[in-house]
Amino acid sequence: MKKDIFICFSIFATSIIFIGCGKASKKSNVEKIDTVNLLGRWTTAAPTDTAAEMGIELKANGIAASINMPTLPYDHWKKVNDSIVAIHGTSVFDGEKIELTDTFELNKEKLTLSQHGTDIVYKRAH
């Protein structure tokens, strides 16, 4: 009798562990997919030359880089939630450097990053 109870308990405990691990694995895969989708170049036409592009490149490990924006070098980024991305950088103007963090709203359907407080919209470059 004790052996039967022990076997039932062992099966139950093993099932709980496998179910818990499966859910954790699914969650981390979703987070990786969302992050990977953000990686790459996000660009828009430069205001002074519509033939030129400017923007942001989001790289692995939270590294960011500016594209054709020498006075706004970005250095790292993070996903705040499902629709907000924060990108850290430095504004360089007249020899003065100011640290900043710009926030962007992600539109997954249009594949755009819209900078909060501005009319700047970067589209996913292919």
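**Exercise 1: Strand pairing**

G40 stands opposite L58 in β2. The model is predicted: local features need pLDDT of at least 70, side-chain atom pairs count only at pLDDT 80 or more, and totals for chains, interfaces and linings use all residues. Residues are numbered from 1 along each chain as its sequence is written, and side-chain values use heavy atoms, with hydrogens and water left out.

Task: State how β1 and β2 are joined, and how β2 and β3 are joined.

Solution. 
- Step 1. Helices (H or I, at least four residues) and strands (E, at least two) are DSSP runs, numbered from the N terminus.
- Step 2. Two strands pair if DSSP finds at least two bridges between them. β1 and β2 run antiparallel and are joined by seven bridges; they form a hairpin with two residues between them.
- Step 3. β2 is joined to β3 (residues 64-67) by four bridges, again antiparallel. Here G55 has I67 as its bridge partner.
- Step 4. Five residues lie between β2 and β3 in their hairpin, and N61 in the turn has a positive phi of about 65°.

**Exercise 2: The aromatic pair**

Task: Classify the ring pair of F104 and Y122 as stacked, tilted or edge-to-face.

Solution. 
- Step 1. Rings of Phe, Tyr and Trp (its six-membered ring) pair if their centres lie within 6.5 Å; planes under 30 degrees apart count as stacked, over 60 as edge-to-face and the rest as tilted.
- Step 2. The ring centres of F104 and Y122 are 6.0 Å apart and the planes stand at 50°, so the pair is tilted.
- Step 3. F104 lies in strand β6 and Y122 in strand β8 (residues 121-124), 18 residues apart, so that the pair links distant parts of the chain.
- Step 4. Buried means under 20% relative accessible area, exposed over 50%, partly exposed in between (1.4 Å probe, protein chains only). F104 is buried at 0%, and Y122 is buried at 1%.

**Exercise 3: The core**

Task: Which members of the largest nonpolar core touch the most other members?

Solution. 
- Step 1. A nonpolar core is a set of buried Ala, Val, Leu, Ile, Met, Phe, Trp, Tyr and Cys residues joined through side-chain atoms within 4.5 Å.
- Step 2. Among its 18 residues, those members are I56, L58, Y74, I87, L113 and Y122.
- Step 3. Two or more residues each come from β1 (40-46), β2 (49-58), β4 (74-79), β5 (84-93) and β6 (96-107).
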